[in-house]
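Hi there,

Here is the structure I promised to pass on to you. Please have a look at it first, and then read my notes below.

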Amino acid sequence: EAVRRVLLLGEGNFSFAASLCGAAGTHVVATCYESEEEVSGRGRAAESIRRLRERGAEVVFSVDCTKLKDYFLPEKREFDCIYFNFPHCGRKAGVVKNRELLAHFFHSSAEVLTEEGEVHVALCNGQGGTPADQPRREWHNSWQIVAVAAGAGFILSNVHAFKAETIHGYKCTGYRSQDKPFCVEGALNHIFTRSMPLPYFKPMICEIELESRKVSFQVPQVLVDKIDRGFLELNSNHPVQTIKEKLTAELSQAFPLQNIDYCLSLLHQGHLNGVCHSNIFWIILNPEETPSTEEMSNGLANAVLFSHVDFCRDTDKNAWVNVQEGCHISKQYYLRPSLLPYAQAIVQRGAFLPGTLHVLSGPVFRKCLITPYSMPVFHEMLFVCAVNRGTEKSCIQMLVNNIKTSIHSLHQTVSGFKLNINLQEEASFETTELNDFAAFESQLSRIQYFICMEIDASGSCEKGSCVGIIRTAHYELVSSELVVVFASLNLDLLAMLICGIPDWRMLWTSDTRFLRQFPRGKLRLFKSFSLYPPSYVHDVSFWIPDGEQFDEVAFHTIARRVSGEMVVSIQLIDCFQQSETGRKSLCYRLTFQSCD
């Protein structure tokens, strides 16, 4: 079994190190900044040093915490845990100097810590500047420990009381660089782990099969790490797969069920009447690989043609204006924004069994505004069932009841908070209440019902979120006696609400600290491994070019791309128009914060 290596820094009298020494499977390296002669004169220091050496610990003197790699050979530089209790520059050093000390210490620690190691820093009450401090100091008057640690690639993963009285033989010392104790009442131990490095994604070329030929295209930058993650594969333990499996198992008890498991093309082709074009990820195929018009008309390519399915508003309703009219889009290819066209194509071809519930699932892609619950990619689960005319309402009720049962059973294993799922008619839903998922769905075709979910936490009910929609359609050419019911669910939004995941970006992280929380086939209440992440606010203002309509979704998409998805909020804070010229300017406030 591997020995756990522990490094202790800034030991005043080595009493803390002596209390840790002797634990099975642990090798202690205890250090201090002063020389052995200076330390030995302190009360009980000589005795603690003797005990450490007797128990096999290393004791090193004159160690500068900002240059740790200089004191250890390369093969002995990796520590599993680093302790630094009550760091201080000495004498009457102010908060700025102590911040600088911490910043250099964290950078130095990063060079000698294992990948999954921890850094423990104990501070007196109020020094850290986090909400855990009671009372909390003004930010400018604190050591800002989370922010300075972030500069070296660390996140605060836990914080708890530093209980000196429970540490056998421990006696704090070093008040103003003297052999005097100081007050540790209310002190906190801050535990840091490494954050995920900032992602840098090279441009990605995606190859797909369009019937008998391969074509390729460049993946939009914001989707490079999301285009082929395999979250819905059978061996996946991702929360979206667990929810999909539970829904499938529950619904198979009520309906004959058929999974449409053949490959659904990532690309669609055709015109998007009725859908706002700024919500779409447009794709240009490599020129030499673009199928010809003849091939498309002859059905030789398997990109779905929207002109062949009911995927638009009535033309007499004011449809969305194509805000990219001046933009050349080669042959109108785009990443699929919905699985609905595939389901409609199956129905129109007659390739279905009436009364059987057909299930399609996979990621879909939509440009959207930046909010914690708005996602440019999510996993859609679409249920399709053809029933006799006049029985569609009972089919919908049965479908919703089984979805409710599945979600309730999943939620009960996660938390004791009350969960409400209800079906709301489209007519009773205000447009202003639609989240991005529901708003886009309403562009595709008429919706009959919204599936809404709200969680009652500690007596205060959070505003309901639309997690699914239900629509029906008649296909006279297929059968005048049948009505087709379509039910679409946003699996990612369901996972966030059930597991208490506050930020959609966390679902796409490759951090094992996230995935380890969800064993195969089980859901858990998400426990954040990054407490009080720092955020940074910047304002930007600009003139709108004369004669052009401002596209807010496009603006959010640019911010998402250039920030590497670090922008978590965009708010319009001011709008100005020159009376003389009519020119208009906008001022937005952007909040930046890492996912961890």
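**What I found**

Among contacts between residues at least 6 apart in sequence, 72% join residues at least 24 apart. Please keep in mind that this is a predicted model. The protein has 13 helices and 24 strands, and buried residues make up 51% of its 596 residues.

The buried residues of α4 are Val95, Asn98, Arg99, Leu101, Leu102, Phe105, Phe106, Ser108 and Ser109. What do they pack against? Their partners are the strands β1 (4-9), β4 (79-85), β5 (113-123), β6 (154-161) and β7 (188-194), along with helix α5 (145-150).

The other topic is a helix pair. Helix α6 (residues 239-251) packs against helix α9 (residues 392-412) at an angle of about 135°, and their axes are 9 Å apart. Because angles over 145 degrees count as roughly antiparallel and 65 to 115 as roughly perpendicular, α6 is oblique to α9. Their crossing is right-handed. On the α6 side, the contact is made by Thr242, Ile243, Lys246, Leu247, Glu250 and Leu251. From α9 come Leu399, Asn402, Ile403, Thr405, Ser406, Ser409 and Leu410. Sorted by class, this contact has six nonpolar, five polar and two charged residues.

Best wishes

Definitions and conventions:
Residues are numbered from 1 along each chain as its sequence is written. This is a predicted model: local features need pLDDT of at least 70, side-chain atom pairs count only at pLDDT 80 or more; totals for chains, interfaces and linings use all residues. Side-chain values use heavy atoms; hydrogens and water are left out. Buried means under 20% relative accessible area, exposed over 50%, partly exposed in between (1.4 Å probe, protein chains only). Helices (H or I, at least four residues) and strands (E, at least two) are DSSP runs, numbered from the N terminus. Contact means heavy atoms within 4.5 Å. Axes are lines fitted to C-alpha atoms, for helices over the stretch in contact, and angles run from 0 to 180 degrees between N-to-C directions. Angles under 35 degrees count as roughly parallel, over 145 as roughly antiparallel, 65 to 115 as roughly perpendicular and the rest as oblique. A crossing is left-handed if the near helix is turned anticlockwise from the far one by less than a right angle, and right-handed if clockwise. Ala, Val, Leu, Ile, Met, Phe, Trp, Tyr, Cys and Pro count as nonpolar, Asp, Glu, Lys and Arg as charged, and the others, Gly among them, as polar.
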